[in-house]
Amino acid sequence: MSQPAIWDNSHDQPGQRAPLVLGDDSFAAITERVASIAERPKPPRWWTVTFSISLALTVVLLAMLAYLFTVGVGVWGLNVPVAWGFDITNFVFWVGIGHAGTLISAILFLFRQKWRTSINRFAEGMTIFAVICAGIFPAIHTGRPWFDYWLFPYPNQMQMWPNFRSPLMWDVFAVSTYFTVSLMFWYVGMIPDLATLRDRAKTKLRQIVYGVLALGWRGSARHWHRYERVYLLLAALATPLVLSVHSVVSFDFAVSQLPGWHATIFPPYFVAGAIFSGFAMVLTLLIPIRKAFHLEELVTTRHLDNMAKILLATSLMVGYAYGIEFFTAWYSGNHFEAFTFYNRALGPYAWAYWIMVFCNVVVPQIFWFKKARTTPWILLVGSLLVNVGMWFERFVIVVTTLSRDFLPGNWGIYKPTWVELLTLAGSFGLFLTLFLLFLRFLPMVAMAEVKSVVPRAGLERGPHRGHGQYWGEIPHQHEEILGGENHDRR
Amino acid sequence: MSKAYWRSLSELEDSPEFREKVAQEFPLLAEALTDPRTRRDFLKLAGASLGLLGLASCRWPKETILPFAGQPEGRIPGVPQYFATAMSLFGNALGLLVTSYDGRPIKVEGNPLHPESLGATHLWAQAAVLELYDPDRSRVVVERQAGQRVVSSWENFRQALASSLARPQARGGRGLWVLADGTPSPTRERLRQALSQRFPQASWVDWDPLLNVREAEGLALATGVRAAGKPRLENAGVIASFGADILLRHPSAVANARGFAQRRREGKNRLYVAEPLPTVTGAAADYRLAARPERLLPLLLALARELASSGLALSLPLPAAGELAPEEREFVSRLARDLRQAGREALVLAGESLPAAAHAMVFALNRALGAEGHTVLYFSAPPVQGSLAQLQQALEAGEVALLLILGGNPVVTAPHVPWSSLFSKAEVVRLGLFEDETSRLSRWHLPQAHFLEAWGDLQALTGEYSVVQPLIAPLYEGKTAEEVLALVLGYDSAGYDLVRETFAGLTGGVFQEELWRQTLHDGLWKGEGASPLTLTAKDARWVNELGHAPAAEGLTACLTCDTKVLDGRFANNPWLQELPEPLTKLTWGNAALLAPKTASQLGVRHGELVRVTASGKEVLLPCFVLPGTAENTVGLVAGYGRKAAGRVADNVGVDVLPLFGGSWTTSVRLEPTGKRGDLASTQDQQAIDRIGLEALGHRVGELVREVSASSLAAGLEPVAKGEELRPPMPWKERGFTGEYQWGMVVDLASCIGCGACVVACQAENNIPVVGKKQVQKGRQMHWIRVDRYFAGKPENPKFAFQPMLCQHCENAPCEQVCPVAATVHSEEGLNEMVYNRCVGTRYCSNNCPYKVRRFNFFNYFKDVTPTRKMQFNPEVTVRGRGVMEKCTFCIQRIEKAKIAAHNEHRPLKDGDVVPACAQVCPTQAIVFGNLNDSSSRVAKLFQDPRAYGVLTELNTRPRVLYLAKVTNSEEAS
């Protein structure tokens, strides 16, 4: 692996586009760099350590669920009035995380943001695992989880439909649709890369597994044609879902009666928050992994810079929403509404509110500075804080509103129990376990897509030379482009 | 008997199921089994009984279980029957009607014919049915020899009694003492007289901390006759109470509350209360003075002087009242003026903590005002014999050979007497419902029969005779106090015969079966009726005693009995432990009550553990900062900290009685410890911060609306303005097609916040008790809660109560958000909860603006004992874990009434359906009925100008409306 000509591609030079991939941009080098990670006979030491910890936390999650199911929801700290606490907070938090992947792969794809190719696989994987974690919470938060299937409309001897007026019902559809489409999108996008892994497989088992997963991909022009059509269609299908899922999740609150929940701003506010938290999570995961797997040439400083900018933009949107909530509360003249926000900032949960404001509004302001956007450790710390802040945002919305609503006679206080804390920790364990398995066995960067944005690919794409135009030397390796994936191994 | 059998038995020995099984088969064995000290006895008993059975046939004993060949008359399986009975509390009788399902009493209601009940009950009557089934009730006769507890039998006791009676018998009864609990039972009185004839030298003492002994003594001082006043609040226009909780802790509290509310609704009475600690009576007052306990006497004296100086013919040599504080002066002069104006509609009352002379003064005032005969009647007080001091002296002198304790629990309620050393000097026989602290010091413990399972009788203060009718055969081997007395007398008759003999005696000597049956049916026999006494005032030497009021200095502790477990007698009743105390909303324990100002002076925070020290004794208990408490006063609540009451009550709260040494007040020191106490309050579990208090102050006026008596008299504008109750909807409204449209009205003018509705609802609807830890987490299950609000200055706040239950909104927020349609609306306007369908997302509770839904966070009925199960109402589902529940408007009662009406081919009449809360309410604050019937009470009250809804601006269209509170202070008009 040769030293790339430049490390920092985050400068904008008028008239010239910055390279999206650095270093040795030959197709073979890209394949080698990505596929070799999934092909190592033994994982690196850090992977084994992290995986053990994650797996242990997953076991903790399972133990907490077993305890919950045998004893009852009372093992959590919930009560009346605060009948939702960590459960729904975690649900909204994880669904929010699950936004970045599809946003990056679908929306940025439609907008032809080619820099997305280096990170979209990774982000989609994160989405899938986050939605899995999210899906757990509504399922386990019910008092009688063994009847959860009643939330699905299915023909039954009770002749009962679920209540289609309930936002919780809409959640079921929104999240399950989102999960299905995201999974499909992720998988379809991975087929060419799976075929590469299949072709490079050295053991029988890998050949069979990757062979089955690759669905007989041969890289023919017809395959590519169909593949790109499907990918485009799925992107078009997934795009509205990105917006709808969190809008629907926000309806859980917005459609209700409670001051602090009942607000028309919630759908866009939640979507912005979801993108915010999703990008923060992508960064949190990407920065150490990029370092650990030496992917700095594929996931360049420019990628980090771009994501930091999105973080800053969404932080401003979220901050605006925080502000406008206070304005509407005051402007409405409704004293219940006004008190709710007053209480958020000064009441018993003020500490949570101010953590939220600090992490989500104050901290991202450092991303006005390029230095912060392009220095990985600053970004890592910043994105971690945003994750914390976004978790607290959901906590503040769910808990402060419920703890003090209309009648002072029923005000209450909620304190989480150790079971809830361990369940939250366990959900991170599950998330990381799945994620580490993904890193270990699947191509974590979309090789085929990245190849399409390296300069030598761009040259052959006819007159349109858009992204990936490179100011350096233009190589002439015509046959490699036409030859497909299997021929570029030297 | 094979060895293997024994081994398996010993393995089983400690499992709860096994014990339960044994308890069902052999109560004696179970008793021995639960006490590890008597394992040897258990083996003996087990060996003997198993051996006998085993040798006989190797089978269980033969029992005859036969179905009825013919249906007994009037008995339809599954259809409840109602029996009239009566309960004794505060030395008075309360007539009851008890619902019995297939031989199990499950619910207590008031007897409308009984003058002390008028159809309602207090909360203790509601909880009595749970006491009957208390698994901790004692089941067997127990003898204690040299500290060893031995399970014995009635036969053994009978033999022992014969020998221990021998000595007193030879000496004309000298050495035989009876300590009874002051139950006003004519049979007991008859037996007492028989006892004094048989044993002329025997002594009898009545002791019950709830008896109004000082009132009787005061009237004896003033008139020479031990009498008791019966207030007639329905006639009273101006009421002055000096520390008397006439609406809750009073012999006639239920009738008082009814009378008070009747006039209050019309704005036709004014209540003045001077009291050290807030009570529900004080909370209902128009003028309330938070006065230190020492100040009550000077205030009463000042009132008398003020009245005398205004020309009232008191003709008493009144001593000087001393200096009054400005607010005291204002209170007294306003009160004096109002009392004079009210004339015979005036009424003055004093609390039990005031000395006898104060009660004499109250009598003199009432007489001078012309109130006697109109707002208060005097009847001869229930005969209370002797005093504890006499018994103590006799015990100390070794003059007591045999002490028979019938009920009560003097070891706990009178800790100033050194019982443990005294009991060793006599043979003590104790009859009690529980093998409690007194029993543990006694030689013999006898299980007492509960009033719901045994024959007895009671006489109300006003003379009505009620038979205490059993609803069920005694669950254990219990006997009543009268039956034990009969044993002593050697009568050997059952309670039934004893009562019939008494009845025959009362009704002219010959037993009249017809009259007896009528009495059983009606629940009372009026007889000639006790006529009010005509009292004549004696010399007024007692007046001088009024001048010797102790100086109000330092910190004074003021004793009060709990409003739920009373003196601790109901401590083992989980319903009452979990009932929120009306003012503090505390459950499961007591606290030191302090005024906000005093607390800050002492440097004590709300909820902090404090050390209270008096005369060398100290207690550690949490502090509760309660607005309205008198300054420099520590309110200490008796009834807690029991050590041997049962599994519910043991070590709940703190026993404060040892600080007082038998008096009502004592000078104390109080210091903070810095540690947090363990309070479980259902409201404001955390002390509310400043912004919360501000919001509360802002909202209370809107939630609990008030109108003044003068505006009521002048013709009231509707409290709910314009379209407030039914704001316009942007879409077509749902029509309701049901023939009946149910609605409820809660009159806040009547509600005194006593909490009887909470217990009644719990009894009717199988509502679980969750325990202290769960209450602290905010998971109490009561379907109806009574919100308590303070308004105004913390030194002298106004109090407001608001019963809050499912509002059965026509446009219910809960229904819309349930994903599985588990809560739906009926055509009759009921918001129905389908337990079977509920998956427990709790979304409905979140979206309910009233937060009246309750969630089963656990299976709260997991460990229900078989006896406890007998109380369950078979018409109401027992909810399992993970299910939401809430008020149903007692849908089982609605359906039952509909079926009855259907069978009689008639539509429902107004009053056919009465939910449990409405039925029990002493003040009739809750009215339920059909809104479609424009002549129904509820439909008329919906049109009342005082009617308004809570949070109607959310367009919930509640089917529960509130009637604005009526206040009658001059400031309000």
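Chain B of this predicted model is split by the domain assignment into domain 1 (5–25 + 685–967), domain 2 (142–207 + 384–511), domain 3 (213–380) and domain 4 (553–614 + 629–681); such bounds come from an automatic or database domain assignment. Residues are numbered from 1 along each chain as its sequence is written, and chains are lettered from A, with ligands numbered from 1, in the order in which they are written. As the model is a prediction, local features need pLDDT of at least 70 and side-chain atom pairs count only at pLDDT 80 or more, while totals for chains, interfaces and linings use all residues.

Taken over C-alpha atoms, the centres of domain 1 and domain 4 of chain B sit 30 Å apart. Their contact draws 16 residues from domain 1 of chain B and 17 residues from domain 4 of chain B, where two residues are in contact if their C-beta atoms, placed from the backbone, lie within 7 Å. On the domain 1 side, the elements giving two or more residues are helix 25 (756–764) and helix 26 (772–776) of chain B. Helices here are DSSP runs of H or I with at least four residues, strands are runs of E with at least two, and both are numbered from the N terminus. By class, that side of domain 1 of chain B has seven nonpolar, six polar and three charged residues; Ala, Val, Leu, Ile, Met, Phe, Trp, Tyr, Cys and Pro count as nonpolar, Asp, Glu, Lys and Arg as charged, and the others, Gly among them, as polar.

Next comes an open sheet of four strands in chain B, ordered 35-28-37-36 and with mixed pairing. Strand 35 (926–930) and strand 36 (947–948) of chain B are at its edges with a single partner strand each, so one side of each has no neighbour in the sheet. Two strands pair if DSSP finds at least two bridges between them; strand 28 (residues 742–747) of chain B is joined to strand 35 of chain B by five, running antiparallel. In this pairing B:Val746 stands opposite B:Ile926. Elsewhere in chain B, helix 24 (residues 709–713) includes B:Ala713. This residue has 13 other C-beta atoms within 10 Å, so it is partly exposed; the cut-offs are 20 or more such atoms for buried, 12 or fewer for exposed and anything in between for partly exposed, with C-beta atoms placed from the backbone. B:Ala713 and B:Lys268 are 445 residues apart in sequence, yet 9.1 Å apart in space, C-alpha to C-alpha.

Helix 8 (residues 213–223) of chain B is mostly covered, with nine of its eleven residues buried. Among them are B:Val213, B:Arg214, B:Glu215 and B:Leu219. The cover over the buried residues of this helix includes strand 8 (227–231), helix 13 (356–369) and strand 13 (376–380) of chain B.

Another open sheet in chain B has three strands in the order 1-2-3, paired antiparallel. Its edge strands are strand 1 (81–89) and strand 3 (104–110) of chain B, each of which pairs on one side only. The twist averages 35 degrees from one strand to the next; axes are lines fitted to C-alpha atoms, for helices over the stretch in contact, and angles run from 0 to 180 degrees between N-to-C directions. Strand 1 and strand 2 of chain B are antiparallel and share nine bridges, and B:Ala84 has B:Leu97 as its bridge partner. Their hairpin has two residues between the strands, and B:Phe90 takes a positive phi near 55 degrees there.

Strand 2 (residues 92–101) of chain B also pairs with strand 3 of chain B, in the antiparallel sense over six bridges. B:Leu97 stands opposite B:Glu109, and B:Thr99 has B:Lys107 as its bridge partner. Two residues again lie between the strands in this hairpin, where B:Asp102 has a positive phi near 45 degrees. Seven of the ten residues of strand 2 of chain B are buried, so this strand is largely enclosed by the rest of the structure. Helix 5 (residues 123–132) of chain B lies across strand 1, strand 2 and strand 3 of chain B, at about 170 degrees to strand 3 of chain B.
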